[in-house]
Amino acid sequence: MKIAYKFLIIVSLLAVTSGAVAQQRKTPDWVRDGVIYEIYPRAFSQEGNFNAITARLDELKDLGVTILWLMPIHPIGQEKKKGTIGSPYAVRDYYAINPDYGNGDDLKRLVREAHARGLKVIIDIVANHTSWDSVLMKHPEYYKRDAQGNITYPYDWYDIAALDYRNQQLRRYMIDMLKYWLREFDLDGFRCDVAGEVPTDFWETATAELEKVKPDILMLAEAHKAELLVKAFDLDYSWPLHSALTKVLQGQAPASALREEWEKEVKEWPRGALHMRFSDNHDERRAIARFGEPAALAASALVFTLDGVPMIYNGMEIGDTTESGAPALFEKLPIFWSFAGRRPEFRRFYKQMMAMRRASNALRRGTLEWVKNSDESRVVSFVRRAPGEDVSVTINLSNRPFSGRVGSAEVSLAAWEVKVNGTRVGDFKADLKTDLKADANVRRGWPTAAKNGFGTSTTLASKVWFTLANGVLTEVFYPTVDTPIVKTLQLTVSTAASVETESEHTVHKLEVPKPASLTFRQINTAKSGQYTITKTYVTDPQRNTVLINVQFDGRVPARVSTDHEVSLHNRGNFAFVSDCGAELLRKFNCTIALGFGQDLQSATAAAHASLSQGFATTQREYELGWWHYVSSLPQAEPKHQRQFEMAAMVLRALEDKTFRGAVIASPSTPWSGGPNSDEATASGYRAVWSRDIYHVATAFMAMNDNETARRLLDYLFRVQQKRDGSFPRNSWVDGRVIGDGLQMDQVALPLVLAYQLERHDRETWLKHIKPAADLIVKRGPLTDQDRWEEKSGYFPATVAAEIAGLVCAAEIAKINGDTDSANTYLKTADGWAQKAELFHGSVIDAGFLEFVRLGIKPAKDPAIVQALRLVDQRIKVTTPVGDAWYRYNNDLYGETPTGGDFDGRNGVGRLWTFLSGERGQYEIAAGNLTAARTRLDTMAGLANEGRMIAEQVWDRKESPGPAFRFGAGTGSATPLAWSMAQFIRLAMNLKHRRNLETPDVVTRRYLTK
């Protein structure tokens, strides 16, 4: 990347109070919180029309902008025109649309589609002048005259004619015209060209009338005139500060000039005045051409962190160099969109800046306080403050490194480097609900859920976890396993010929170099063949640090830098420290340390300490911990021992280190989680389900680790369980409920687990077992949600769990002398067992196998055998590695038919890996160990190169793209705890030739004659 930037929290806008004599007019919140994107329709695409803008609305939304400003859309005058086409600011007809751009329907569609995405649309109005062939020339009285009585023009703008606002009919005409555009096209306001040249009282009258047509519009003045912001306009241009920024970046003024201009604005402008902040616009050469790439990004960082509303112009997000000012303003010069691949750091930079601003109340609305630094000729520093939040900003606006004081802190900055550090206090989640509610449609999702690497140390001292996918680091969690702080981190390789990223420009391979450790190695080879990057990942067992060893082998000299994206809505600070140099080299080895802590100081200390200790030493300590754990495991079949060990390590790693016993379902968010995923209230699979804990606990029991299983049961009873005996759908690791909805199998399975772990003391009976069993009697056998969390009613898998749970609870009741409760539970369970049905209506689901696994029905029951034939006919698929099954016929939870992310409406359910394991357990019960071993082979074959077993795998030979291979994991949760636990259970049950988790008390009641 051309500029280094470190973001620990987020960025926003300010209304500054001052001693000015007037108050800024009331401005809509969507304006204060907005980000403006200026579009030159002629240049925005090769087509140069409205439809081409509409086609890119999703990209603009994803970028993070909220307000689209269309430069003039009216027909262009041809008389005295400049250039080949003429200036869009030489308007021929205010009521018409430039036919090159399309027609009224095209504009309405653009506005409608923008609104559907939560975007606002304003258009440029050129009220000061018209073209010489304007339709208004039939009213010569509307125009200004020179001393000789001829219609005149302002400045040297000879291609336009100046309007005379002393004429009341002209004023009426212009106000009616503005109303027309609001009424007919549902626009959200106007950017008013050279607004300062038009009388202020006209704008005040116009705005008052426009707000009667549509309240809460945006009025943006291309002017810097204090009186305009009292009643007429919401924003102005802040030209002096923009000019100062240009001079600073070109070495013609000290950085302190920016503070001086800002303080002048505060003193002379109305209280709360808002200014549009920008570094690029259509009136001048591109910022990237004037300042260079790193300086252009530094300028944008200032734009997005100062008070005011930031604006970016037409392709800035890809580093486009297509000129817009004269003479380009009068010609057809489209954006060179292919620059997006050459300068990927630009889009990432702008997306991150916008996301940070969106998530930070301090940056959107906070106050601004300048902070002194030791070289104010080159560096600007300030703090944005809001209740409960401070964001400090330091920017080096020079091409030389800075090392000195910022306030009382010692700070080092590379040339053009930006540091934004934030702290929050109070209820962060509540802040998000308040501040980001309007921006739900523009939040970003998570990286792919298809992880092929997941690691943490075996120690409790290090509370950091990492995930890997597609050749890069994906989510990093701290300080709990459900809290991602980092979203992605990858390397960018710059050579004389190109700038490339690992995710886009390399072929990815993953290895497990130490089978008895959660150590992973990514090998990324450039598609061009010019270099190979080998990265090895561990965590420091003694510190909150992720360490990445980087080996670069290139055929040409290259500079490697890092690009990371943070989670905007979770607590925690991290520091990035590296001993990787910035020079051009062909080969080198270095280490990157990501340190985490409750504050920046502790995060930085952790990273430095781990880096000082060295990667090799830390790796040995990390791997020794896992070797000791793996050495304690039982042996599976030799060909599956490595997969068995990986499954055991992953289950161990999925347990939180603070809230012991809390095991999350997966360190992932399937299909990126959708547009609202990156917020403090969205969990994906990073949550705790009692059903999943039951499966994980029985896997630990199968490995003779009852101590861990008891810890998981303690968590269920002491943290999750409610007073009525029920369990929430799921919760955060600290027990806070995420989703509700009564799932009766989640109430029943902990009772089975308690019986098997011999938890029958009186306190457990009275506080936990009895309330849950009583609830089952009261509410069962029906459930509000089945085990797939989709439907209500009668479901075999749930009923089987309820029967087994009641029988186990009855045995515990007897031990505690409560024969009445025991009799009630057994009578209820027996009644349900006698009436048990194997299918729910027309749904074909193999959930009835739970009757066998839990000891309620014999494996060779004719009805079970017949039902399995139907299951195999309807929902079985033979993959390249063996048989797999759908959850049920017509399942909708999976990728779309064309491989798109699950969207809640158009999905197609894929094959679920643990169902092969469930079938294997049935076959053990039926005495067919050979078939059961085949199922274990299949499960191992469904694992990816990192030995992670997914929730779902692709279900057919046909593939919509290279990401989908028959029998390989999809974008579903990977690794899934349930799948990994099922593999362990099947492997151990095969070893013992019986299903270890089948409760004997249930078997004795229903299967022993």
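Cys-192 is buried, its relative accessible area being 0%; buried here means under 20% relative accessible area, exposed over 50%, and partly exposed in between, with a 1.4 Å probe and protein chains only. Cys-808 also has a relative accessible area of 0% and is buried. The model is predicted, so local features need pLDDT of at least 70 and side-chain atom pairs count only at pLDDT 80 or more, while totals for chains, interfaces and linings use all residues. Residues are numbered from 1 along each chain as its sequence is written, and side-chain values use heavy atoms, with hydrogens and water left out.

A search of the whole structure finds 1 disulfide, a disulfide being a pair of cysteine sulfur atoms within 2.5 Å. It joins Cys-580 to Cys-590, with an S to S distance of 1.9 Å. Cys-580 sits in the loop between β26 and β27 (585–597), and Cys-590 in strand β27, 10 residues apart. Strands (E, at least two residues) and helices (H or I, at least four) are DSSP runs, numbered from the N terminus. The torsion about the S-S bond of Cys-580 and Cys-590 is about 80 degrees, which means that the disulfide is right-handed.

Strand β26 covers residues 573–578 and contains Asn-573. With 8% relative accessibility, Asn-573 counts as buried. Its C-alpha atom is separated by 25 Å from that of Gly-471, 102 residues apart along the chain.

Turning to charged pairs, a search of the whole structure finds 71 salt bridges, each a side-chain nitrogen of Lys or Arg within 4 Å of a carboxyl oxygen of Asp or Glu. One of them pairs Asp-540 with Arg-543, the closest N and O atoms being 2.8 Å apart. Asp-540 is buried at 0% relative accessible area, but Arg-543 is partly exposed at 24%.

In another salt bridge, Arg-853 meets Glu-997 with the closest N and O atoms 3.2 Å apart. This pair links distant parts of the chain, 144 residues apart: Arg-853 is in helix α27 (residues 849–853), and Glu-997 in the loop between α31 (977–992) and α32 (1000–1006). Arg-853 is buried at 4%, and Glu-997 is buried at 3%.

Arg-935 and Glu-923 form a salt bridge whose closest N and O atoms are 2.9 Å apart. Arg-935 lies in helix α30 (residues 929–941) and Glu-923 in helix α29 (residues 913–925), so the pair ties together parts 12 residues apart in sequence. Both residues belong to a network of salt bridges that also links Asp-872, Lys-876, Asp-883 and Arg-919.
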